[in-house]
Amino acid sequence: MSDSSTEAASSVSTAHGATTRTIPGMNCQGCVKRMREAIQSSDPEADVIGTPSEKRLEVVSTLTDAELDQSLTEAGFPPTAPNAADTQPDKALPAEAEKATSHPPHSQGHGQGKKQRLAISGMTCASCVKSVQKALERTEGVDTASVNFGSHSAQVFGSAETQALIAAVESAGYGAEPIVDMREAECTRAEQDAKTYQKRLRGSAISLALAIPLMLSMLFFHPHPMGLGRLYWLVIGLLTLGIMAFPGRHFFVNAWKQFKHRQANMDTLVAIGTGTAWLYSMAVVLFAPWLPEVAQGIYFEASAMVIGLILLGNAMELRARGRTSNALKRLLDLQSRTARVIRDGHEQEIEIDAVQTGDHVRVRPGERLPVDGQVTEGESHIDESMLTGEPVPVAKREGDDVSAGTVNGRGGLVYRATRVGADTRLGQITEQVASAQNSRPPIGELADQVSSVFVPSVMIIAVLTALTWFNFGPAPQVIHMLVTATTVLIIACPCALGLATPISTMIGVGKAAEHGVLVRNGEALQTASKLTTLVVDKTGTLTQGKPSVTDAQMFGVEHSTALGLVHSLERGSEHPLATALMAYADEHNVEPAEIHNFDSVTGGGVKAQTLDGKALLLGNARMLGEAGVDLAAGEEQARALEEQARTLVYLAVDGKLAALFGISDPLRHDTVAAIKRLQKDGLTIVMLTGDNEHTAKAIAQEVGIDEYRAGLLPEDKHAEIERRQQAGEIVGMVGDGINDAPALARANVGFAIGQGTDVAIESAGITLMRGSLHGVASAIEISRATLRNIKQNLVGAFGYNLLCIPIAAGVLYPITGTLLSPMIAGAAMSLSSITVVSNANRLRLWKSPSQEDVA
């Protein structure tokens with residue numbers, strides 16, 4: 001059967017002769033993809049299938065066991081010894097494995113490859129990020145670690161204990177604490193940021209209150225450090241010291257911590273720059289009588305002004321940065337804090353974390369549902385727009401499923417909790433958004449590499465600048481040396497470099513979530529921006545995925561008998577075509593027939609036997625033809641139905657054609673507009689389907705797709721995507737079924753329809769919470785806007801330093817005869833960070849084009 005339920009069974013079967021490995025570090029299909037690439041670099045014909053929830057990798061390859069293990073280890077996924085169960089793939093999975101696969105992978109919080117989040121304190125720039133990440137990666141038991149400067153958090157995969165991770169961060173000179181509840185962590189971070197913002201603002205006001213009047217007074221009153229003038233400057237020096245010791249204290253404290261750990265960051269540059277200016281000025285005040293007049297420059301106002309301007313810049317940066325995680329905050333706000341639970345006949349309100357699977361939860365009119373579940377009592381309408389995007393409330397009654405975060409209408413409901421905490425659909429969405437915001441696109445690697453050597457390089461440049469001016473500069477050499485070295489230290493801005501990628505990624509991922517698009521990680525976000533080809537499935541992607549039987553033709557078999565056999569053959573399947581056949585059989589009130597020896601045929605259909613031994617086949621024409629069934633009797637009817645874009649399903653009994661069903665799956669109302677929008681974005685759209693040629697052609701013509709292939713098996717879709725990739729195309733794949741999982745994993749970026757299966761969603765890099773292809777277009781457009789924004793930030797951050805450091809060093813002095821003031825350097829340094837954050841916040845203004853604009 002094309003695009004049929006039978007393909008579901010085939011996707012979990014294991015290839016004969018496969019070598020099996022247990023991979024502790026395998027957490028998603030992205031990991032599988034990287035392992036596949038590593039293996040196929042040595043054996044291009046290798047077939048690699050991974051099951052992240054079981055940490056299981058199956059490989060059909062010509063590589064020896066040692067070569068295979070070496071390839072996996074070099075790719076960063078060292079295997080453990082396979083157990084006995086793994087070496088017998090044809091046997092049923094143990095109960096523990098089946099249990100594991102029945103839950104989303106993220107719900108497995110313990111054991112190898114577990115995910116942990118830490119809130120990091122003390123980071124001030126990109127160099128800090130690199131230091132923390134290195135400390136985490138060197139910790140025993142850590143598989144991967146990523147640190148986000150935008151959210152001041154770290155995400156760690158591995159078996160390491162939390163205390164070991166905290167100790168590693170502290171050993172690098174920073175603070176860390178585990179994030180157990182993301183909502184509490186967000187609230188805590190927001191409160192801390194608000195306090196820090198006020199503190200920086202007060203510190204800036206105090207610093208500038210000294211620096212600005214001092215600068216203005218110097219236009220009229222600038223006494224030499226002699227006599228009373230010396231006392232005047234001593235008082236100013238002590239006031240400046242107070243500025244450095246209180247509002248600017250954290251610069252020096254953090255710089256000292258970094259020095260003790262043999263590291264340096266932005267605070268180091270500021271502390272050395274302002275500290276040097278103050279020490280030199282104080283030396284002039286104390287020893288002025290013994291110094292030549294040309295060396296009697298005083299720069300107390302520069303130290304105070306630099307600290308004031310940088311603190312002001314920090315405050316503005318914090319305020320702008322606070323808006324970057326709005327999408328995650330809104331998702332967290334959808335989660336209820338309490339639930340009204342009925343236990344032992346008593347109704348009680350308890351904390352949301354105390355709700356257990358199986359509890360009966362009462363929800364009153366207008367309340368938000370706290371957990372996922374199934375209605376057991378009452379009727380109401382539920383607003384599910386936060387999940388589906390559909391504004392019309394959905395009727396719910398006994399037996400219907402409901403989701404956490406949705407809003408109850410006027411009726412009261414009691415429902416049984418089926419998924420709680422992080423396992424709810426809302427919890428999964430929140431988890432994925434948080435993980436994606438903490439990940440980094442590959443484009444950020446350049447900034448990471450530069451940041452690791454940035455601060456030491458700036459310090460070396462400052463020393464070389466000082467030596468150059470001291471040995472070759474005009475008089476007074478000491479003053480010129482001091483001004484240029486201090487300005488170089490202050491103007492360098494690793495903070496902007498550290499913010500360039502994560503801030504844009506956080507906003508881009510959040511913006512995508514607002515449009516019903518869940519991005520798995522930064523790599524998927526970046527790759528989506530480069531797509532040249534988009535492969536789409538038909539059923540459930542272009543069409544509504546809610547087919548119905550429109551035609552039924554019998555050939556020498558009673559109508560009720562045929563439907564009874566169909567009912568039995570399709571019972572238990574969740575595929576849309578099987579659901580349509582089941583619904584049709586139920587409408588006619590037929591009794592299911594007794595069958596046995598049930599089996600599925602990949603990409604074909606299902607087969608079984610009646611109790612009296614007659615062979616049963618239900619599927620597409622190819623499967624029945626290969627079995628020797630003569631389809632001539634239904635050829636005319638089949639041709640007519642295909643011309644009407646019907647999907648055909650044949651039933652054969654004892655080798656003879658018994659029935660022919662025509663199934664119609666109408667197009668989604670916005671499919672044509674979405675295809676036009678994708679084509680306008682420059683993508684080549686290709687439809688790959690298991691349906692027949694005539695139906696595929698009719699659908700392709702109706703929606704405006706020029707390239708299509710019909711009658712494909714799941715492995716054919718996989719091979720077609722691989723062929724296009726080898727031809728240089730960057731391919732995205734949209735699908736919703738288990739049969740689409742291999743193609744989704746093979747594609748450069750997989751887009752899974754959110755209403756599809758868990759396997760398809762786990763295989764994809766991007767999940768669409770809503771079924772519309774407009775979500776794919778939005779994902780691609782947002783990814784392009786985000787990558788463009790990141791590039792602008794990186795160019796700005798790199799360009800700023802490439803331009804400003806030479807100017808600070810004095811390259812323009814021969815032309816202008818003046819040097820850049822340290823105060824201007826401090827203002828420029830703060831402005832660079834604010835510019836990066838402000839540019840990233842422009843992404844929040846992105847809007848999806850209307851369908852009228854597309855048309």
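Buried means under 20% relative accessible area, exposed over 50%, and partly exposed in between (1.4 Å probe, protein chains only).

**View 1. The whole protein chain in a predicted model.** Buried residues make up 55% of the 855 residues. The chain holds 31 helices and 29 strands, taken as DSSP runs numbered from the N terminus (helices H or I, at least four residues; strands E, at least two). Local features need pLDDT of at least 70, side-chain atom pairs count only at pLDDT 80 or more, and totals for chains, interfaces and linings use all residues. Residues are numbered from 1 along each chain as its sequence is written, and side-chain values use heavy atoms, without hydrogens and water.

**View 2. An open sheet of 3 strands.** The order is β1-β3-β2, with antiparallel pairing; two strands pair if DSSP finds at least two bridges between them. β1 (19-22) and β2 (47-51) are the edges: each has a single partner strand, so one side of each lacks a neighbour in the sheet. Neighbouring strands are turned by 20 degrees against each other on average, direction ignored. Axes here are lines fitted to C-alpha atoms, for helices over the stretch in contact, and angles run from 0 to 180 degrees between N-to-C directions.

**View 3. The pairing of β1 with β3 (residues 56-60).** These strands are antiparallel over 4 bridges. T20 stands opposite E58 in β3. Helix α3 (residues 65-74) packs on the sheet and touches β1 and β3; contact means heavy atoms within 4.5 Å. The direction of α3 makes about 40 degrees with that of β1.

**View 4. L238 in helix α8.** L238 counts as exposed because its relative accessibility is 51%.
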